[in-house]
Amino acid sequence: MEQGSSDYDPGHQGHVEQELATKMLQIQSKRFYLDVKQNRRGRFIKVAEIGADGRRSQIFLALSTAAEFRDHLSAFSEYYSSLGPPNPDNVPEDGKLKSEMMMKDNRRYYLDLKENARGRFLRVSQTITRGGPRSQVAIPAQGMIEFRDALTDLLDEFTQDEHAYKHDLPEGNQMHVDNKNFYFDIGQNNRGVYMRISEVKTNFRTAITLPEKSWPRFRDILADYCDKLNKPPGSQGPGGGQGAVRGRARSAPISRTSWLATILNKIPGQV
DNA sequence: GCGGCAG
């Protein structure tokens, strides 16, 4: 909503970046936007600061880093509230009252509680290489708790289901038929749970992806065909269909291709 | 009604 269309990639594959949640905080003269976003590489949090003059700066945090940051915020605000009033006679070195550092992959985050003529604030800066480009935001110290609470809300919402799934997903499966293997793999993405069925031969591989909600219909269609092939037309009871070969010969018009086409046409959409 | 140099 702030910078709108740069997140949108109309010519290509639609949304490159999705916004999953957002919170806005007004802290003194500044506004902060905490956004949970997602792109093809995963989820992350964007913290954007908008100054009173409209200047904006932003940093990005992996969810794990955001959780670490949240914990540091508690410690920083605790320390801050234990502080006496600023003493002009006793200025700390470089104005740094307390510092922490976080690392994630090749990113470094420096957290400094600092103080200047305007007051105390937490500076959060992000760099990749030492001395290289950096981006940073500065949170007025009085707002650290509010900031931490907003971050906690977002993390509670988006880290718990990260852990919740995976364990619930069923195991994959496989079977061997004649000279081919079939693999049943269960996966999950932002659009839900799916099953990928791969047919694998020595120099051939193909697969279809079935959204979870379509499984019952696939099952019913397959079950239907199993019944049809095992029951010669005219015999009603379950006892009549012992010979699959005879059954197939008699119930004529199910060719292999129409069988496949029937199933494929029922796939509502790709996951 | 701000406004924040540096590992």
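Asp 35 is found in strand S4, residues 30-39 (strands are DSSP runs of E of at least two residues, helices runs of H or I of at least four, both numbered from the N terminus). The model is predicted: local features need pLDDT of at least 70, side-chain atom pairs count only at pLDDT 80 or more, and totals for chains, interfaces and linings use all residues. Residues are numbered from 1 along each chain as its sequence is written, and side-chain values use heavy atoms, without hydrogens and water.

Asp 35 is buried but has no salt bridge; Lys 46, the nearest side chain of opposite charge, is 4.1 Å away. Buried means under 20% relative accessible area (1.4 Å probe, protein chains only), and a salt bridge needs a side-chain nitrogen of Lys or Arg within 4 Å of a carboxyl oxygen of Asp or Glu.

Three aromatic pairs are found in the whole structure; rings of Phe, Tyr and Trp (its six-membered ring) pair if their centres lie within 6.5 Å, and planes under 30 degrees apart count as stacked, over 60 as edge-to-face and the rest as tilted. Two of the pairs are tabulated.

| Pair | Centre distance | Plane angle | Class |
|---|---|---|---|
| Phe 32 and Phe 147 | 5.7 Å | 90° | edge-to-face |
| Phe 69 and Phe 147 | 6.0 Å | 65° | edge-to-face |

Phe 69 lies in helix H1 (residues 63-82) and Phe 147 in helix H2, so their pair ties together parts 78 residues apart in sequence. Phe 69 and Phe 147 are both buried, and Phe 32 counts as buried at 0% relative accessibility. Ring pairs link Phe 32, Phe 69 and Phe 147 into a cluster.

Methods
Chains are lettered from A and ligands numbered from 1 in the order in which they are written. Buried means under 20% relative accessible area, exposed over 50%, partly exposed in between (1.4 Å probe, protein chains only). Lys and Arg count as positive and Asp and Glu as negative; His and the chain ends are not counted.
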